[in-house]
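Please open the model in a viewer and keep the selection panel at hand.

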Amino acid sequence: MTEPLLVDRTDAVVTLTLNRPNAMNALDVALKEALRDTLAQLETDRSCRAVVLAGAGGSFSAGQDLREHVDTLESSASDPLATVRAHYNPIAARLANLPKPVIAAVRGMAAGAGASLAFLADIRIGGPTTSFLMAFAKVGLAADTGASWTLPRLVGHAKAVELLMLAEPVRAEEACRLGLLNRLTDDDEQVLPAAQELAARLAAGPTVAYGAIKRQLSIADAGTLADALAAEAQAQSICGATADHRASTLAFVSKQKPVFEGR
């Protein structure tokens, strides 16, 4: 049986590949459970210092597997969208709160929950055929997998309303202009290597500080200045006690290149 999620380790970079290429990497239960549980393991895996999220074949992810969902609807389940609480919410929380950088290699289409997964990454890299489609309204649904939280932060409230209600595709160059993509390669074949190269660069950096930066921004996005200042004070207390801070500070004053160990 083909594994729904491929896990590849290269030094301190872990690449997670959604592996249902014949279904445009649509998210069925097996894939969602594998992604949820693998992310939970990576939270405390000190050997992993950066994560790349990618899709097999020519697509990132078409979102929820609607063929599987039809079966759920026809089964007269009391809550046909129970997958939101069981799978999508935990996946979104773990991606957003993972204390290490997450890079999304968005090749081809990212639709619905597939797009939502990409938006939860810290940095998104795409290619010429990359496109996003907030397809939820096309099947009579509202947003999930954190899109109601990430989209306004990426593109602003008014544009988020437009993308979710009109459910029109956003092509690569427009996605880059809006902030849905951080970087755009010239060739689709370059998307994954570019993401892995950036992940390797980050994996060689101050992992604890990166995690703290993610927490700071999350608090500051939704809080007051006082909240942000308190989060900054806490973060600096944590980072200031790390071996990386001490070693890199000494390296700086000695005019040497710092070596970060992620602790």
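Select Glu 197 and Arg 201 on helix 8: both are exposed (over 50% relative accessible area; buried is under 20% and partly exposed lies in between, with a 1.4 Å probe and protein chains only). The model is predicted, so local features need pLDDT of at least 70 and side-chain atom pairs pLDDT 80 or more, whereas totals for chains, interfaces and linings use all residues. Residues are numbered from 1 along each chain as its sequence is written, and side-chain values use heavy atoms, without hydrogens and water.

Next, display residues 191-203, the whole of helix 8; helices (H or I, at least four residues) and strands (E, at least two) are DSSP runs numbered from the N terminus. Its buried residues are Val 191, Ala 195, Leu 198, Ala 199, Leu 202 and Ala 203. These lie on the same side of helix 8, because they cover an arc of only 140 degrees around the axis, taken from the directions from the helix axis to the C-beta atoms.

Then select the open sheet, in which six strands run in the order 1-2-3-4-6-9 with mixed pairing; strands pair if DSSP finds at least two bridges between them. Strand 1 (5-10) and strand 9 stand at the edges with a single partner each, so one side of each has no neighbour in the sheet.

Finally, inspect strand 3 and strand 4, which pair in the parallel sense over four bridges. Val 52 has Ile 103 in strand 4 as its bridge partner.

Conventions. The expected span of a helix is 1.5 Å times one less than its number of residues.
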